[in-house]
Amino acid sequence: MKNLLILGGTGEASKLAIAAATIPDLDVQLSVAGCTSGAGNKPGVTRVGGFGGVSGLIDYLRDRYIDLLVDATHPFAAQISHHGYLAARELDIPRLMLVRPSWKELQKDNWLEVGNIQAAVDILSGNILSGESQRVFLTVGKKQLSKFSELQSKLQNIWFLIRLVEPLENNYTIPLGRIIFGKGPFSYEDELDLLSHYHIDTIVSKNSGGHATYSKIAAARELGIKVIMIDRPSLPIGKKVNTIEEVIQWLRKGEG
Ligand code: NAP
């Protein structure tokens, strides 16, 4: 019997956990951070919550006799991926990363690609001053919203539509505007309606990749809306694959 730990928090991780559970002689654990309510009820999830940094993850891997580690976290969850790399290296545990391909700009897209969230704020600031961006759709998650609040307090003539997965705890600063709730997959038609209804002229998005949240990008292309696209943080070194099938092959072949 081998013990597999999957670092999750994505739809792919849940699907992978379910698929991997069909492999004989493999015990599958799927860990999520627990950033959203009901995280423990998602398919395949067996544990919820942080490990307590790299040392906590090392202890966990050692105490649970983990033989294989698959990092199937979101491409912007850089910290846990680096922890996974360091902990697996320390214990010499085979590790594989499941990474969605990033979105690529197509011919009719109007993207401004930036390296990180601060660069997105800086670009947006220039756009607001020039009048190019007045109604902005923010789909950047909850952690970095305060940067847009700060921008708004300096340059008042900006309105935000903010999409979140669920209501936030009180300790988050959210820019003024309209908050809507939703979790992908979003349909192309609904995204077209949303962008048109709110007269959005600019979207700020992470380059998350995948299908679930791509419709807003396709809808922006159709409507000629510019997208400030935030590039992914760098991932740690190590073997990477793009599909669940490739992870299953890796597990079945015992490449780990
Ligand atoms: P992060 O910055 O890389 O990680 C922050 C801390 O959260 C980690 O140090 C770890 O705490 C804990 N953590 C993260 N993933 C975990 C997992 N799978 N199991 C146990 N603990 C985990 O990650 P983040 O950007 O806050 O994202 C948190 C989770 O949400 C990730 O699992 C990610 O897959 C998912 N997610 C993120 C995004 C995004 O845009 N960032 C979008 C969709 C889903 P300790 O140091 O205490 O171990």
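**View 1. T10 is a buried loop residue.** T10 has a relative accessible area of 10% and is therefore buried (buried means under 20% relative accessible area, exposed over 50%, partly exposed in between, with a 1.4 Å probe and protein chains only). T10 sits in the loop between β1 (2–7) and α1 (11–20). Helices (H or I, at least four residues) and strands (E, at least two) are DSSP runs, numbered from the N terminus. Leaving out residues up to four places away in sequence, T10 touches A72, T73, H74 and R100 (contact means heavy atoms within 4.5 Å). The model is predicted: local features need pLDDT of at least 70, side-chain atom pairs count only at pLDDT 80 or more, and totals for chains, interfaces and linings use all residues. Residues are numbered from 1 along each chain as its sequence is written, and side-chain values use heavy atoms, with hydrogens and water left out.

View 2. The ligand is surrounded by 23 residues (a residue is near a molecule or strand if one of its heavy atoms lies within 4 Å of it). The closest are S31, F51, Q79, K143 and K206. A polar backbone atom of G8 is 2.9 Å from an oxygen atom of the ligand. For H74, a backbone N or O atom lies 2.9 Å from a ligand oxygen. For G53, the distance from a backbone N or O atom to a ligand oxygen is 3.1 Å. A polar contact is a pair of N or O atoms within 3.5 Å; within protein, one must be able to donate a hydrogen and the other to accept it, and residues adjacent in sequence count only if both atoms are side-chain atoms.

**View 3. Strand β11 is covered on both faces.** In β11 (residues 226–230), 5 of 5 residues are buried. K226, I228 and I230 lie on one side, V227 and M229 on the other. β11 runs parallel to β6 (residues 111–114), joined by 4 bridges (two strands pair if DSSP finds at least two bridges between them). W111 has V227 as its bridge partner in β11. β10 and β11 also run parallel, with 5 bridges. Here K206 stands opposite I230. From β10 the chain crosses through helix α7 (residues 215–223) to β11, a right-handed β-α-β crossover. Right-handed means that, with the strands pointing away from the viewer, the path from the first strand over the helix to the second runs clockwise.

**View 4. Helix α5 has a buried face.** The buried residues of α5 (residues 145–154) are L145, F148, S149, L151 and Q152. Seen down the helix axis, they fall within an arc of 160°, so they line one face of α5. The arc is that of the directions from the helix axis to the C-beta atoms. An α-helix has 3.6 residues a turn, so residues three or four places apart point the same way. Exposed S153 and K154 are on the face turned away from the buried side. The cover over the buried residues includes α4 (117–130), β7 (135–139), β8 (159–164) and β10 (202–206).

View 5. Most residues other than glycine have a negative phi, and most peptide bonds are trans. A cis peptide bond joins G184 and P185, with omega about 5°. P185 lies in the loop between β9 (177–181) and α6 (188–197). D92, not a glycine, has a positive phi of about 60°. The loop between α3 (78–91) and β5 (95–98) holds D92, which is exposed at 69% relative accessibility. H199 has a positive phi near 50°. H199 lies in the loop between α6 and β10 and is exposed at 57% relative accessibility.
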